[in-house]
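Biologist: I'm new to this one and would like a close look at a single part. Could you start with the aromatic rings and carry on from there?

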Amino acid sequence: MADLTSTFIGIKSPNPFWLASAPPTDKEYNVRRAFDAGWGGVVWKTLGEAGPPVVNVNGPRYGAIYGADRRLLGLNNIELITDRPLEVNLEEMTRVKRDYPDHALIASLMVPMNEDAWREILRRVEDTGCDGVELNFGCPHGMSERGMGSAMGQVPDYVGQVAHWCKKHSDLPVIVKLTPNITDIRLPARAAKEGGADAVSLINTINSITSVDLDLFAPEPTIDGKGAHGGYCGPAVKPIALNMVAEIARDPETAGLPISGIGGVTTWRDAAEFMTLGAGNVQVCTAAMTYGFKVVEEMISGLSQWMDEKGMTSTSEIVGRAVPNTVNWQDLNLNYVTKAVIDQDACIQCGRCYAACEDTSHQAISMSETRVFEVIDAECVACNLCVNVCPVEDCITMEQMAAGSVDPRTGKVVEKEYANWTTHPNNPGSCAAE
Amino acid sequence: MKDNAYTAGIIPGRLSPEDYAENFSDLHPRLDDHEALVAADRCYFCHDAPCITACPTDIDIPLFIRQIATGTPEAAARTILSQNIMGGMCARVCPTETLCEEVCVREVAEGKPVLIGQLQRYATDTLMDAGVHPFTRAASTGKRIAVVGAGPAGLSCAHRLAMHGHDVTLFDARAKPGGLNEYGIASYKTVDDFAQREVEWLLQIGGITLETDKTLGLDVSLESLQSGFDAVFLGIGLGGVNALGLDGDDMDGLHDAVDFIANLRQTSDVATLPIGRDVVVIGGGMTAVDAAVQAKLLGALNVTLVYRRGRDRMNASVFEQDLAASKGVRIITNATPRAVIGNGAVREIEFEYTDDDLAPTGQTFRLAADQVFRAIGQSLTGGSLPALDGRKIAVSSAGRTSISGIWAGGDCAAGGDDLTVTAVAEGRDAAMDIHATLTGAT
Ligand SMILES: Cc1cc2nc3c(=O)[nH]c(=O)nc-3n(C[C@H](O)[C@H](O)[C@H](O)COP(=O)(O)OP(=O)(O)OC[C@H]3O[C@@H](n4cnc5c(N)ncnc54)[C@H](O)[C@@H]3O)c2cc1C
Ligand SMILES: Cc1cc2nc3c(=O)[nH]c(=O)nc-3n(C[C@H](O)[C@H](O)[C@H](O)COP(=O)(O)O)c2cc1C
Ligand code: SF4
Ligand code: SF4
Ligand code: SF4
């Protein structure tokens, strides 16, 4: 079985599956059970300044989006940082780290935008024996109204500044947790790096309203007839998170900056995908909140089986494997021509491909009297929509046309050589060699 | 000792009250909200869906299932009922395994169809339980139409005509409307007096005058209907039953299965119904299976269904056959009754094995029988009727008979299989044709 031990910015853990800073890591009881269940590390629920802790709403905190059979696809929350006193959290962290020295324990921090506040919290956190700190620049609700969380994370200068303070006042490794509620994720990542951060983690939750109560005419979750936007997470946000991770991994200015991948990690496969796009490890919140701590067992067994199949012996071999293949649109090969092909034996004749292509795409699927569905190569632009809507996996595949054959749609010979938009004759800015 | 399954003879009260209640409870109780959502989520919303084509009333199945999935079962019910006003009964009695669910792409792909019938029931029950009748009657046309037979065909026809503003008089020979919904369908398929509730709900459209205990050919003549009304629709089903044609057919203990079932359906306490210890049912259709199963449910010890041809030729669907087997009914095929043996009352029946072409093989066997149910087919009755095609009323498209101004549909009309849903479709289509004929509308 593959060795899953992981070293992330010098922090060792038995596996790359950490619990993200959130309710699962809110207290000693949870974290002990998480470690016992097999989680490699935890980022403790975000700590605030000493003094009276924040208060949470006393009505519902979560809203959800469901797929078939009430499968939870997206979760939205309006929870704040820890609402327990700082001292209590620090004592618990100290005890847990003492009893689980081989597991990673990271302190998540959020204090106002001034150097003293950061120096003070770092001083206190260091005494717990924790392995590092994560700066929560992500929380998009409540805390941001008080000028913290994403309100800081959306200003790259602040991100860099705080990272700098933390490095200056502490020897602990510093991870900057980024908010996705920003147009270009590379800017705060660059700022974090310039400020001296050891790593970034992303994504925190996305501003969202999951639904509206159509009787109350108020957003859900509804508190006394009103709702506030919350932060979105769970499987639904994974595509957004993957892209943001990849953006940072392939940005020349941040290339090589360690990344902790977060956002919708639900299975070993999700974790592997994040890692191939540059994440050194992953953090999980919603999957644990949906299914309990036990899900990590599947993540562990799945990842190690896949690594065995790929002949990989260390998780570090996964990291960044897909980054070189993540390119800009203009670098895609326009001479790569495919056609949809329907496997008639697998087809169950639902006609969804037909409806999709006929109504909304390129009228490239024919339907016979006897419900035989066939692709018309002369019309198929290879958009992949039929593949996406077909309920039978692998029933429709995209098959590459051999170089030298003629694409019946364009009447052109399929070229063997790679050619992209930058040199395409239709591109006004093309610099094709004559 | 109290009577039980082993007591000889035809007696009531073989079972405990709990067993009776359990045996005659709903075969497929209505799905609860969550079950309905899970079932609805399985539908692929197929393009030009094969299930629609397979439904004799062309219900837009993917649409109504999507309406359930999005939390609007009432809208789903409207979708169903606009095509099939007896969508509630059909949801309970349709052999879906040979109709919509047989061709559902998920049945074809995985052997597990979308539960169309049960979803249909979920939707229609939701609307009907709310007491909502979703259709309104058009302005009166002043046209009067006689509908004879208040079974599925007649009710469907009457409703559609009334909806278009015609005045309908609905005659039925029986005391209660509903036809075989009330007197024939197996009790565990339509519990809690659903047949009567559905008729009452259907009649809310208005414009339909129900005249029970009025038999065509006895109390009213076809001629009087022709002269007194602008059009006539015949939905009289098949009132007669076929005989075995054997000596001893009149011995005690021999009954027509339809009478047994009708009696069962009209009894308020099934514990009072006498049933034999050794019951033999002769026939291979839905009636035979229903009689056999219900005999078993009443506590008969041995119930044997004997059919003259092979299993594949049985009119009862595989689901029905399996249901019978699961209740402990023994099915013997390729055997024809040859003699009724007994002295005043039946004691045994002798059968001869036949090959697939019904040719005798010379091999005989006897089954002990204190009660025998004949279920070898029903026949048309009703006095002078339009021209026949075989044993049923000949019809062209949309139920037109040989006599202008008279339409027919349901079991009494030729063509089509003898199913509730087919009767509903034929009644509806005849109504549309009558409407078009009388008003010139198309
Ligand atoms: C035992 C049994 C079980 C069945 N189970 C199923 C099932 O599970 N699923 C299914 O789809 N189908 C089933 N069927 C078939 C289904 O019941 C019929 O196909 C359907 O009822 C036909 O409807 P109809 O309106 O044509 O006739 P009917 O339902 O027979 O109604 C005819 C009506 O006309 C009346 N009538 C007859 N003669 C006259 C007259 N001379 N004057 C006035 N009124 C008259 C009758 O009283 C009756 O009310 C079953 C049939 C039987 C016998
Ligand atoms: C209820 C809830 C509370 C959260 N609280 C915090 C927090 O205090 N600090 C933080 O950095 N992130 C917090 N998060 C964000 C998660 O750590 C994580 O970034 C996000 O949920 C995406 O991961 P997921 O898709 O695996 O849930 C919270 C998330 C949830 C659902
Ligand atoms: S790939 Fe696109 S264009 Fe081609 S058949 Fe499929 S849906 Fe139509
Ligand atoms: S969507 Fe897939 S299964 Fe359905 S008809 Fe098309 S190819 Fe066949
Ligand atoms: S065939 Fe099955 S899956 Fe397709 S629309 Fe009908 S019920 Fe749904």
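Modeller: Let's begin in chain B, where Phe351(B), Tyr353(B) and Phe365(B) are joined into a cluster by ring pairs. Two rings of Phe, Tyr or Trp (its six-membered ring) pair when their centres lie within 6.5 Å. Bear in mind that this is a predicted model: local features need pLDDT of at least 70, side-chain atom pairs count only at pLDDT 80 or more, and totals for chains, interfaces and linings use all residues. Residues are numbered from 1 along each chain as written, chains are lettered from A and ligands numbered from 1 in written order, and side-chain values use heavy atoms, without hydrogens or water.

Counting over all chains, the structure has nine aromatic pairs. One of them brings Trp118(A) and Phe137(A) together at 6.4 Å centre to centre, with 55° between the planes, a tilted arrangement (stacked is under 30 degrees, edge-to-face over 60, tilted the rest). Trp118(A) belongs to helix α3 (residues 115–126) of chain A, while Phe137(A) is in the loop between β8 (132–136) and α4 (150–153), so this pair ties together parts 19 residues apart in sequence. Helices (H or I, at least four residues) and strands (E, at least two) are DSSP runs, numbered from the N terminus. Trp118(A) has a relative accessibility of 1%, so it counts as buried, and Phe137(A), also at 1%, counts as buried too (that is, under 20% relative accessible area, with a 1.4 Å probe and protein chains only).

Another tilted pair is made by Tyr354(A) and Phe373(A), with 6.2 Å between the centres and 55° between the planes. Here Tyr354(A) sits in helix α11 (residues 352–360) and Phe373(A) in strand β19 (residues 373–375) of chain A, so once again parts 19 residues apart in sequence are tied together. Tyr354(A) and Phe373(A) are both buried.

Rings can also have a charge over them (NZ of Lys or CZ of Arg within 6 Å of the ring centre and within 35 degrees of the ring normal). Arg70(A) places its charged end over the ring of Tyr66(A), 4.3 Å from the centre. In chain B, Arg92(B) lies over the face of Phe194(B), 3.6 Å from the ring centre.

Now for what surrounds the ligands. The residues around ligand 5 include Cys43(B), Tyr44(B), Cys46(B), Cys51(B) and Cys104(B), counting a residue as near when one of its heavy atoms lies within 4 Å. Also part of that surround are Ala49(B), Ile61(B), Pro62(B), Val105(B), Val114(B) and Ile116(B). By class, this shell has 11 nonpolar residues, no polar ones and no charged ones (Ala, Val, Leu, Ile, Met, Phe, Trp, Tyr, Cys and Pro are nonpolar; Asp, Glu, Lys and Arg charged; the others, Gly among them, polar). Ligand 3 has 13 residues around it, of which Cys357(A), Cys380(A), Cys383(A), Cys386(A) and Met398(A) come nearest. Its shell divides into 11 nonpolar, two polar and no charged residues.

On a 1 Å grid over the protein atoms alone, a cavity is a set of points where a 1.4 Å probe fits but cannot get out; lining residues have an atom within 4 Å of a point. There are seven cavities of 30 Å³ or more. The largest cavity holds about 390 Å³ of space, taking volume as what is filled by probe spheres set on the points, which are joined across faces, edges and corners. Of the 32 residues lining the largest cavity, Ser21(A), Ala22(A), Asn77(A), Asn204(A) and Thr205(A) lie nearest its centre. β6 (72–77), β16 (279–284) and α9 (286–291) of chain A each give two or more residues to that lining, whose classes are 17 nonpolar, 12 polar and three charged.

The second largest cavity has a volume of about 120 Å³. Its lining has 16 residues, with Cys55(B), Cys94(B), Thr96(B), Cys100(B) and Gln120(B) nearest its centre. Two or more residues of this lining come from each of α6 (87–93) and α9 (116–129) of chain B, and α9(B) gives the most, with three. The lining splits into 11 nonpolar, five polar and no charged residues.

Conventions
Buried < 20%, exposed > 50% of the residue type's maximum accessible area, 1.4 Å probe, protein only. 1 Å grid on protein atoms, 1.4 Å probe; cavity = no way out; pocket = protein on both sides within 12 Å on 5 of 7 lines; lining within 4 Å.
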